[in-house]
Amino acid sequence: MATGRTHRPATRSRGIPEATVARLPLYLRALTALSERSVPTVSSEELAAAAGVNSAKLRKDFSYLGSYGTRGVGYDVEYLVYQISRELGLTQDWPVVIVGIGNLGAALANYGGFSARGFRVAALIDADPAMAGKPVAGMAVQHTDDLEKIISENGVSIGVIATPAGAAQQVSERLIAAGVTSILNFAPTVLSVPEGVDVRKVDLSIELQILAFHEQRKAGEEAAAAAAGGSSVGGAAPAAAVVPPAGRTTAEQRKGGPEGDVPAVMPA
């Protein structure tokens, strides 16, 4: 079986835009669902709706793969599943190590989607000596002292970091020095890596903060609509004016501060 150390996807060499690459997993997920329902063909409009994009963008993305649907018939579902899987490198074996087996790391280890998508969890690694040897998802946790040996013996090129923020940078440096060239980072920090190393960051707290922003905006819009409706019907008094904090002008507040920067509140 081919391994991730000897075969790499050809997306960059073929000039596929990064934005298109980012959408390919969305198409694959939708196509896999269709395949599981034994749907033989799908139109660009149906597939675009299932993937959450517009059909023109989908057709453009597929043109980079050299895949064009048949007018009046659509796209062959099974062929597209194979074609996208091959383009993403999912038709080969990718050994992965997960570093940091706390609650999140253990949940990732138990996630069944890895093996279904061509990823094999080769090792679970943690710095806590008390974790060494403990079974998680049917595997014995190994200590970080053996990290380099584990990566070398398993031919690992993808590492998953689920450590606390303070340990993530050091872990990434050890992974890279041992030969890892792609990192999925769940730690709430930005990693500094050399050129040629790909990092994808997943920060659940940031996603929740973005949702909180949208919820707050929707609540404000609903309150404004209710106030406008009450004013037109019952002659209610207008809403009180928003007073900026002492020492700042309204213009400064609109900009987010005297320098125009929007402050970002990040969790510890």
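**Exercise 1.** In this predicted model, find which strands helix α8 lies across and the angle at which α8 runs to β8.

*Solution.* Start with the helix: α8 spans residues 165-177. It lies across β3, β8 (158-161) and β9 (182-185). Now take the direction: α8 runs at about 170 degrees to β8.

**Exercise 2.** Write down the strand order of the open sheet and name its edge strands.

*Solution.* The sheet has 6 strands. Their order is β7-β4-β3-β8-β9-β10, and the pairing is parallel. Each edge strand pairs on one side only: these are β7 (142-143) and β10 (198-201). Next, look inside the sheet. Strand β3 (residues 94-99) pairs with strand β4 (residues 119-126) in the parallel sense, over 6 bridges. V99 stands opposite I125 in β4.

**Exercise 3.** Describe how helix α1 packs on helix α2: axis distance, crossing angle, handedness and contact residues.

*Solution.* First, the geometry. The axes of α1 (residues 18-36) and α2 (residues 44-51) come within 9 Å and cross at roughly 110 degrees. Angles of 65 to 115 degrees count as roughly perpendicular, so α1 is roughly perpendicular to α2. Second, the hand: α1 passes α2 in a right-handed crossing. Third, the contact. From α1 come L26, Y27, A30, L31 and L34. From α2 come L47, A50 and A51. Finally, sort these residues: 8 are nonpolar, with no polar and no charged ones.

Key: Residues numbered from 1 in each chain as written. Predicted model: local features only at pLDDT ≥ 70, side-chain atom pairs only at ≥ 80, totals over all residues. Heavy atoms only, no water. Axes fitted to C-alpha atoms, helices over the stretch in contact; angles between N-to-C directions. Helix = DSSP H or I, 4+ residues; strand = E, 2+ residues; numbered from the N terminus. Parallel < 35°, antiparallel > 145°, perpendicular 65-115°, else oblique. Left-handed = near helix turned anticlockwise from the far one by under 90°. Contact = heavy atoms within 4.5 Å. Nonpolar A, V, L, I, M, F, W, Y, C, P; charged D, E, K, R; others polar. Pairing = 2+ DSSP bridges.
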